[in-house]
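Biologist: Thanks for sitting down with me. Could you walk me through some of the packing here, one question at a time?

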Amino acid sequence: MINRRHLIATGAAAAVAGCGQADRPLYSADAHVADYPTVQGVEAMARMVEERTGGRQRVKIFAGAQLGSERDTLELTVFGALDLNRVNLAPLNSIANETIVPSLPFLFSSIDHMRASLDGAPGQTILDALRPHGLVGLCFYDSGARSFYNTRHAINEPDDIRGMKIRVQNSDLYVGMVEALGANPTPMALGEVYQGLVQGVIDGAENNWPSYESARHFEAAQYYSLTRHVMAPEILVMSKHRWDRLSGEDQEIFQQAARDSVPVMRELWDARVADSRERVLASGVEANEIGDIAAFSNLMEGVWDRFVVTDVQRRLVEDIRNLGGAA
């Protein structure tokens, strides 16, 4: 049985010995459940790697947070005890501040704009920024567009959310974003949100269609307002300890297989979004488009000033904005 303690022990031994441990597959972690598009994306990559190496390289995936939270498994990956990891950008923000940029509120004008940016030079700059920190960025996966939902009424303008208690991830960026809108950010674990909505501890939250549906939040908060304020991706990384023990040929195979898995994941993600949206709307949820999105995005200037603090980050923002017209 593979668990966190076993990984630490075997990872430490491998790091000291410098051995390739070719007799075992590479271990990969994902906090999402087995049928989630990110897990299926890594599975597609694993199949390609095994086929292209003639079975010489294999990947075993531990989904459903079997090996711990994303922050825990990320530590293991940097240490070299875990080989591959699919994580949200949030725990990477303190490691490489370039990863903050794709999470900036109202940065991307559309899903196509987000994908073009991450598939292009800005995305590669962000992936490359992880190498000095013990991680090799392989590719980005989608995490959808996040919007606000609540128990009170539709949100059409910033005044509609003012004073609401809104659940956010444990992230300074998300806290700052909600404060800038005049609402009260309430950091809370995702598993506590449903009860928080039912009991009135919070008035609302923000997430993508699949999470809103699968966590059953739509049962408690029936107003979904399509602000699409954040389109932050997720990321697949490899431990640099493991990467450095691969041959040049195998490094190229892993990198290309990761890239080739992205359209697979995106097709699954788009289908999941459409299905979740249909299920939620059929339940009677009131969903509304935002007529004047600039009324929201114009309030983010102070948030951007607080988190975009380096020349590299500023260039990334400029490059991504320039791609907006072509997407």
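Biologist: Which residues of α13 do H113, A116 and S117 in α4 meet?

Modeller: This is a predicted model, where local features need pLDDT of at least 70, side-chain atom pairs count only at pLDDT 80 or more, and totals for chains, interfaces and linings use all residues. Residues are numbered from 1 along each chain as its sequence is written, and side-chain values use heavy atoms, leaving out hydrogens and water. Contact means heavy atoms within 4.5 Å. By that test, the α13 partners of H113, A116 and S117 are I320, R321 and L323.

Biologist: Is α4 parallel, perpendicular or oblique to α13?

Modeller: Helices are DSSP runs of H or I with at least four residues, and strands are E runs of at least two, numbered from the N terminus. Axes are lines fitted to C-alpha atoms, for helices over the stretch in contact, with angles from 0 to 180 degrees between N-to-C directions. The axes of α4 (residues 111–119) and α13 (residues 311–323) come within 9 Å and cross at roughly 130°. Under 35 degrees counts as roughly parallel, over 145 as roughly antiparallel, 65 to 115 as roughly perpendicular and the rest as oblique, so α4 is to α13 oblique.

Biologist: Which residues of α13 make the contact with α5?

Modeller: On the α5 side, P122, T125 and I126 take part. Their counterparts in α13 are V312, L316, D319, I320 and L323.

Biologist: Which residue of β3 stands opposite S28?

Modeller: Strands β1 (residues 26–30) and β3 (residues 84–88) run parallel and are joined by three bridges. The residue opposite S28 is L84.

Biologist: Last one: is E301 buried or exposed?

Modeller: E301 lies in helix α12 (residues 301–307). Buried means under 20% relative accessible area, exposed over 50% and partly exposed in between, with a 1.4 Å probe and protein chains only. At 57% relative accessibility, E301 counts as exposed.

Conventions:
Two strands pair if DSSP finds at least two bridges between them.
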